[in-house]
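Q: Please take a close look at a single part of this structure and describe it in one connected account. I would like the cut-off behind each term stated along with the values.

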Amino acid sequence: MADHIFPDDLLVAQRAYWEADARVREVVDALPSSQEVLEGAMTDEQRQLLAEVREQRLLALEVLNNNPWWEGVDDRYAAWARLQEAARG
């Protein structure tokens, strides 16, 4: 796999996406069970919070995917995998 040098803003975007995704998982984990949701146990506040954190995650993903650095990449999958490693490091 070719070595990639990632710009700081791309690394920040990757980490921001992970943080947003973790927040979505945190909110989902605090919700009632699926059965309870079907029975009406989910509050309007919970629905609103879930919508907000999902929107934040989507925006973070858009920032990550629309970074101009990707335009010069031949093998996006390989670059994506390498980005994951670099952002963790």
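A: Arginine 23 and glutamate 26 are separated by about one helical turn, because they stand three residues apart in helix H1. Helices here are DSSP runs of H or I with at least four residues, strands being runs of E with at least two, and both are numbered from the N terminus. The model is predicted, so local features need pLDDT of at least 70 and side-chain atom pairs count only at pLDDT 80 or more, while totals for chains, interfaces and linings use all residues. Residues are numbered from 1 along each chain as its sequence is written, and side-chain values use heavy atoms, with hydrogens and water left out.

Arginine 23 and glutamate 26 form a salt bridge, with their closest N and O atoms 2.4 Å apart. The term requires a side-chain nitrogen of Lys or Arg within 4 Å of a carboxyl oxygen of Asp or Glu, and by this rule the count comes to four salt bridges. Arginine 23 is partly exposed at a relative accessible area of 31%, and glutamate 26 is partly exposed at 47%. Buried stands for under 20% relative accessible area, exposed for over 50%, and partly exposed for values in between, using a 1.4 Å probe and protein chains only.

A further bridge joins the side chains of aspartate 21 and arginine 25, at 3.3 Å from N to O. These two are four residues apart in helix H1, which means that about one helical turn separates them. An α-helix has 3.6 residues a turn, so residues three or four places apart point the same way. Arginine 25 is partly exposed at 46%, whereas aspartate 21 is buried at 16%.

Aspartate 21 also forms a salt bridge with arginine 57, where the closest N and O atoms are 3.0 Å apart. This pair links distant parts of the chain, with aspartate 21 in helix H1 and arginine 57 in helix H3, 36 residues apart. Arginine 57 has 25% relative accessibility and therefore counts as partly exposed.

Helix H1 itself has 22 residues and reaches 32 Å from its first C-alpha to its last, close to the expected 32 Å; the expected span is 1.5 Å times one less than the number of residues. Its buried residues are Leu10, Leu11, Ala13, Gln14, Ala20, Asp21, Val24 and Val27. Helix H3 (44-65) and H4 are included in what covers them, contact being heavy atoms within 4.5 Å.

The largest has 10 residues: Phe6, Leu10, Leu11, Ala13, Leu64, Trp70, Val73, Ala79, Leu83 and Ala87. Helix H1 (8-29) and helix H4 (76-88) are the elements that give two or more residues to this core. Apart from it lies another core of six residues, including Val24, Val27, Met42 and Val53.

Tryptophan 80 lies in helix H4 and is partly exposed at 26% relative accessibility. Leaving out residues up to four places away in sequence, tryptophan 80 touches Gln14, Leu64, Asn65 and Trp70.

Notes: Core = buried A, V, L, I, M, F, W, Y, C linked by side-chain atoms within 4.5 Å.
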